[in-house]
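Please keep the sequence and the 3D view at hand as you read.

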Amino acid sequence: MRVRRMTLMLGATVAAAALTGPAWAQATTTSFMTTYTGQGLLATTCNTSFSIDGEEPAASGGFPVFLYMVGTTESFDNASAMAAVHGMATRGYVAATIQYDSGEFGTCSQIAGKAQCIFNPNGGTSAVEALCSRAKADCSKGIVVGGFSQGAVIGTLAKNFDARVGAAWGMGDGVMYATFDLHACMANGNRTLPSDRLRAVNGQGDEFTGATQPTQQTNMQSLTGFTCPAGSFTCLQSNGSGWIIVENSETQSGIADHCYMRDGGCVASQNSLDPGWESGEANWELDANLDWLTGFTAH
């Protein structure tokens with residue numbers, strides 16, 4: 001079952017009257033669904049039909065595009081995904097969450113295969129082609145991406161396949177996931193996306209990418225190449241790229257683990273969001289990161 005929180009409603013035109021900001025941030029949106037061909041379970045090619053669930057401005061015109069990918073084992077249309085999609089649609093984007101084979105993690109080559117099926121601009125069956133072909137989409141204005149965990153890895157690798165990807169926001173992003181070493185494809189300099197177009201936001205107790213502040217800082221510095229003094233929780237550059245470590249005390253539940261956007265961390269339901277992440281203004285929360293992405297596309 002799809003989740004629409006607060007002002008989000010299934011299949012309906014959604015008014016964003018509560019938002020503040022420029023005129024394009026007040027847009028009403030309409031929902032849509034479509035499909036693409038992705039990399040299925042244990043496959044090495046794009047061979048399986050997957051769903052795309054999105055929103056776009058109700059107004060006429062050509063808009064930039066936003067793609068979001070959930071984490072391993074998550075439902076592609078969970079609360080955090082739909083909140084991000086709705087937030088970008090109201091900012092004037094054709095925005096969608098992309099289903100993929102999220103039942104398993106993988107190596108650099110395995111996850112890159114999933115990313116290629118989503119972001120290949122010339123394959124004829126990719127998710128980015130399905131979105132860019134929509135009447136209201138204008139991908140010449142740019143593409144930005146967001147994701148969580150494995151979805152953050154996919155998003156960070158997106159520019160390897162589509163040069164139009166202008167920036168990526170990753171939650172639970174990194175170079176190590178438990179026993180999976182992704183340095184070869186994810187470390188600064190080992191992927192096409194430059195680090196000044198990447199904003200990584202991880203919890204200080206992230207059990208997969210670094211469960212203490214020192215180990216998380218090491219992960220973030222390897223991922224981005226941006227180094228700040230030992231013990232730092234924020235290392236943002238002049239354009240807002242860089243990294244943020246969410247402190248336990250910043251979340252409503254006091255738990256900033258891998259799933260800090262949930263109200264209670266990874267043991268909580270993926271459809272129960274931290275109230276601050278969902279509607280707050282801090283640099284680690286949803287709105288601040290969506291606003292950052294808008295700086296890398298035309299309107």
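In which loop is the place of Ser133? Ser133 sits in the loop between α3 (127–132) and β5 (143–148), where helices (H or I, at least four residues) and strands (E, at least two) are DSSP runs numbered from the N terminus. This is a predicted model, in which local features need pLDDT of at least 70 and side-chain atom pairs count only at pLDDT 80 or more, while totals for chains, interfaces and linings use all residues. Residues are numbered from 1 along each chain as its sequence is written, and side-chain values use heavy atoms, with hydrogens and water left out.

Ser133 counts as exposed because its relative accessibility is 59%; here buried means under 20% relative accessible area, exposed over 50%, and partly exposed in between, with a 1.4 Å probe and protein chains only. From Ser133 to Ile143 there are 10 residues in sequence and 13 Å in space, C-alpha to C-alpha.

Leu42, in the loop between β1 (29–39) and β2 (46–57), has a phi near 65 degrees, a positive value in a residue other than glycine. With 74% relative accessibility, Leu42 counts as exposed. Thr73, in the loop between β3 and α1, also is not a glycine, yet has a positive phi of about 70 degrees. Its relative accessible area is 60%, so Thr73 is exposed.

Thr73 also leads us to a pocket. Together with Thr72, Ser149, Phe208 and His258, Thr73 lies nearest the centre of the second largest pocket, which is lined by 17 residues. On a 1 Å grid over the protein atoms alone, a pocket is an open set of points with protein on both sides within 12 Å along at least five of seven lines, whereas a cavity is a set of points where a 1.4 Å probe fits but cannot get out; lining residues have an atom within 4 Å of a point. The second largest pocket holds about 270 Å³ of space, a volume being the space filled by probe spheres set on grid points that are joined across faces, edges and corners. Its lining divides into eight nonpolar, seven polar and two charged residues. In this count Ala, Val, Leu, Ile, Met, Phe, Trp, Tyr, Cys and Pro are nonpolar, Asp, Glu, Lys and Arg are charged, and the others, Gly among them, are polar.

Now find Phe105, in the loop between β4 (94–98) and α2 (108–119). Is Phe105 buried or exposed? Phe105 is buried, because its relative accessible area is 17%. Beyond its neighbours within four places in sequence, Phe105 is in contact with residues including Thr72, Gln150, Tyr177 and Phe180, contact meaning heavy atoms within 4.5 Å.

Gln150 belongs to helix α4 (residues 150–157), which is mostly covered, with eight of its eight residues buried. Among them are Gly151, Val153, Ile154 and Leu157.

Just after α6 comes Gly225, with a positive phi of about 80 degrees.

Helix α8 (residues 286–293) is largely enclosed by the rest of the structure, because six of its eight residues are buried. The elements covering its buried residues include β3 (65–69), α1 (79–90) and α7 (275–279). Leu286 is in this helix, and a relative accessible area of 3% makes it buried.

Finally, step back to the whole chain, which has eight helices and 11 strands. Its radius of gyration is 17 Å, close to the 19 Å that the globule rule gives for 299 residues, so the chain is as compact as a globular protein of that length. That radius is taken over C-alpha atoms, and the rule is 2.2 Å times the number of residues to the power 0.38. Of the 299 residues, 58% count as buried.
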